Amino acid sequence: MKPHACEFLVVGAGSTGLALVDHLLRRDVGSVTLLDTLNSPQAGPTGTRVPLLAPSDPQWDLCVRRSRELYEGWSDWIEIDPELRRCGALLPEANGLLPLQGVDSARRWSSLQPDGPVCMHDPAAATVDSISVAAALLWRIRKAGGNFFPTTCLSSLVETSDGVDFTAGVREGTASHVFLCVGSESLNWLDRLGVRHQLAHENVSTFTLQLSDDLPPIIYWGEERALLFDRGDGLHDLQLIGSFEESTGALPSVDWNRYASFRDKWKDWIPQLDDTETLKASARIQISCMGTPSAIASAGGRIVFPGACGEFSPLLFPALAEMTVESHLAGTTGGLLEDLA
Ligand SMILES: Cc1cc2nc3c(=O)[nH]c(=O)nc-3n(C[C@H](O)[C@H](O)[C@H](O)COP(=O)(O)OP(=O)(O)OC[C@H]3O[C@@H](n4cnc5c(N)ncnc54)[C@H](O)[C@@H]3O)c2cc1C
């Protein structure tokens with residue numbers, strides 16, 4: 001097989017990789033190749049809606065604004081509606097200017113008890129069908145002439161002064177620039193390449209529950225890193241984010257103890273938590289949220305990781321992708337080699 005040569009290689013066709021390729025193609029800056037281990041890209045849980053939440057830290061404000069603009073513009077330029085629904089989110093114990101007392105929340109959502117916590121209400125929070133978003137982006141990439149190699153796993157990257165030599169599946173090649181969008185695998189790649197970063201893996205336990213509709217569509221406990229939302233298919237998901245114990249071959253695990261104490265803590269406010277049946281439980285790994293939105297690059301600047309934003313990633317990935325491409329093209333993404341001594 002002839003060695004593959006391209007200007008930009010994007011590894012990983014999850015939401016971040018797809019948005020990145022789309023932006024590169026719109027900028028028309030050279031040939032783009034996308035590859036993924038899987039046959040069809042995955043963009044989260046199949047057939048359910050994911051919540052779009054914004055971090056409260058002001059460093060993210062610009063990124064939040066840009067992501068909302070991109071989402072809102074998508075139905076025009078993507079020609080497929082990503083089914084964005086602005087439903088608002090209730091944020092227990094958050095500090096804000098317009099708090100809702102427990103009794104106000106209970107008046108609005110009859111499944112909440114009036115003696116609950118003071119909450120903020122974020123009217124801009126929304127949900128989106130993640131599969132529609134991924135399908136729409138992939139459709140646009142195909143239409144714009146991007147190259148997509150499915151079932152092709154990246155196994156090596158070597159940065160030289162002329163480019164980046166790579167091996168992916170049975171293919172070998174050289175790219176001028178590589179964007180690493182391989183989800184939770186990205187940190188392992190950065191470590192292997194000796195790139196300094198301060199990100200960590202986190203464990204996300206998800207519990208699927210049957211709750212009534214008289215609940216806020218999204219409740220987000222920021223301090224506790226817990227999230228309860230209506231999946232749009234008659235069920236709710238409760239996500240509990242915690243630390244992940246790194247060790248070779250470590251796998252994510254369902255945190256049943258935390259689930260029990262969370263239900264116990266909040267059952268007086270949401271009585272259904274006490275008696276609902278748990279229909280499904282699963283665990284996955286995600287990368288923690290960066291302090292500020294910025295891409296991370298290798299020492300030579302040719303291998304770029306767009307960064308991560310934990311539970312805010314379903315909202316922020318389009319702006320992160322755009323920002324990564326723009327800062328890379330402007331030559332402002334730098335990198336540091338880990339001091340291996
Ligand atoms: C099973 C699952 C359930 C999820 N559930 C939720 C949820 O309920 N709510 C929520 O908000 N988010 C959820 N997510 C996370 C969310 O969908 C995205 O994963 C997140 O937005 C980050 O996107 P990403 O593109 O950075 O990474 P990912 O979506 O993880 O995409 C990374 C891609 O890189 C590919 N890849 C990895 N290694 C290689 C390699 N060596 N070579 C080639 N390709 C490679 C993978 O196959 C994958 O397609 C879930 C993700 C998964 C996988």
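Ala89 counts as buried because 26 C-beta neighbours lie inside 10 Å; a residue is called buried if 20 or more other C-beta atoms, placed from the backbone, lie within 10 Å of its own, exposed if 12 or fewer, and partly exposed in between. The structure is a predicted model, in which local features need pLDDT of at least 70 and side-chain atom pairs count only at pLDDT 80 or more, while totals for chains, interfaces and linings use all residues. Residues are numbered from 1 along each chain as its sequence is written.

Ala89 is part of strand E5 (residues 89-92); strands (E, at least two residues) and helices (H or I, at least four) are DSSP runs numbered from the N terminus. Apart from neighbours within four places in sequence, the contacts of Ala89 include Pro51, Leu53, Asp122 and Tyr220, a contact being a pair of C-beta atoms, placed from the backbone, within 7 Å. Between Ala89 and Leu53, 36 residues apart in sequence, the C-alpha to C-alpha distance is 8.1 Å.

The domain assignment divides the protein into domain 1 (1-86 + 126-199 + 289-341) and domain 2 (89-122 + 200-287), with bounds from an automatic or database domain assignment. The domain centres, taken over C-alpha atoms, are 28 Å apart. Domain 1 gives 14 residues to the contact and domain 2 gives 18 residues. On the side of domain 1 that touches domain 2, the elements giving two or more residues are E3 and helix H5 (186-192). This side of domain 1 holds five nonpolar, seven polar and two charged residues, where Ala, Val, Leu, Ile, Met, Phe, Trp, Tyr, Cys and Pro count as nonpolar, Asp, Glu, Lys and Arg as charged, and the others, Gly among them, as polar.

An open sheet is formed by three strands in the order E3-E8-E4, with antiparallel pairing; strands pair if DSSP finds at least two bridges between them. Strands E3 (49-52) and E4 (85-86) are the edge strands, each pairing on one side only. E4 is joined to strand E8 (residues 126-129) by two bridges, and Arg85 has Thr127 in E8 as its bridge partner. Helix H4 (residues 130-143) packs on the sheet, touching E3 and E8, and its direction makes about 55° with that of E8; such angles run from 0 to 180 degrees between N-to-C directions of lines fitted to C-alpha atoms, for helices over the stretch in contact.

Asp28, with phi near 55°, lies in the loop between helix H1 (15-27) and strand E2 (32-35) and is exposed, with 8 other C-beta atoms within 10 Å. Thr151 has phi of about 40°.

Conventions
Contact = placed C-beta atoms within 7 Å.
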